[in-house]
Amino acid sequence: MRPNNQLGEWIIRCPDCGRWKDARAAGIVRIHARSVGKRVLGMCSDCGRMRWLRVERVEDLLEAAQAIERMSADLEAGRVGSA
Ligand SMILES: [Zn+2]
C-alpha cells in the first residue's frame with residue numbers, strides 16, 4: 001500500500017517549522033515538474049504568518065525516504081564500505 005494515497009502529487013513545506021500540506025489543499029494546483037524546489041508565498045498555519053514555502057514532489061520524497069531506509073539498514077548491517 002502506498003502511503004501517499006490521500007495525497008496529491010505535490011506538497012508544500014514550511015522551511016522554518018517543517019509543517020507541510022497537500023498543495024491542492026493549499027489551493028495550489030498549477031504546479032509543473034519544473035516547479036520542484038521552487039518556493040511559493042503562502043500562509044503557514046503553525047508559524048501564523050506568510051512564508052516562502054518549498055514545493056516538493058511526493059514521489060521524490062518517498063524515494064528519498066526509501067533511500068534513507070536502505071542506507072540505514074546497510075549501516076546497521078555493517079555493509080557500508082565492504083562493496
Ligand atoms: Zn511554519
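**View 1. An open sheet of 4 strands.** In this predicted model, 4 strands make an open sheet, ordered β2-β1-β4-β3, with antiparallel pairing. Strands here are DSSP runs of E of at least two residues, helices are runs of H or I of at least four, and both are numbered from the N terminus. Two strands pair if DSSP finds at least two bridges between them. At the edges stand β2 (20–22) and β3 (39–44); each has a single partner strand, so one side of each is left without a neighbour in the sheet. On average, neighbouring strands are turned by 40° against each other, direction ignored. Axes for such angles are lines fitted to C-alpha atoms, for helices over the stretch in contact, and angles run from 0 to 180 degrees between N-to-C directions. Residues are numbered from 1 along each chain as its sequence is written. Local features need pLDDT of at least 70 and side-chain atom pairs count only at pLDDT 80 or more, while totals for chains, interfaces and linings use all residues.

**View 2. Where β1 meets β2.** These two strands pair in the antiparallel sense over 3 bridges. Look for Ile12, which stands opposite Lys21 in β2. Ile11 touches Trp20, Lys21, Asp22, Ala23, Glu56 and Val58, leaving aside residues up to four places away in sequence. Contact means that C-beta atoms, placed from the backbone, lie within 7 Å.

**View 3. The largest nonpolar core.** Its 7 residues are Trp10, Ile11, Ile12, Ala23, Ile31, Cys44 and Leu53. Strand β1 (residues 10–13) gives the most to this core, with 3 residues. A nonpolar core is a set of buried Ala, Val, Leu, Ile, Met, Phe, Trp, Tyr and Cys residues joined through C-beta atoms within 7 Å.

**View 4. Around Leu53.** This residue lies in strand β4. Leu53 counts as buried because it has 25 C-beta neighbours inside 10 Å (buried means 20 or more other C-beta atoms within 10 Å, exposed 12 or fewer, partly exposed in between, with C-beta atoms placed from the backbone). Among the residues that Leu53 touches, beyond four places in sequence, are Ile12, Val40 and Cys44.

**View 5. Helix α1.** With 20 residues, α1 reaches 28 Å from its first C-alpha to its last, close to the 28 Å expected at 1.5 Å a residue (1.5 Å times one less than the number of residues). Of these 20 residues, the number buried is 0, so α1 lies largely in the open. Just after α1 comes Gly78, with a positive phi of about 70°.

Definitions and conventions
Two residues are in contact if their C-beta atoms, placed from the backbone, lie within 7 Å.
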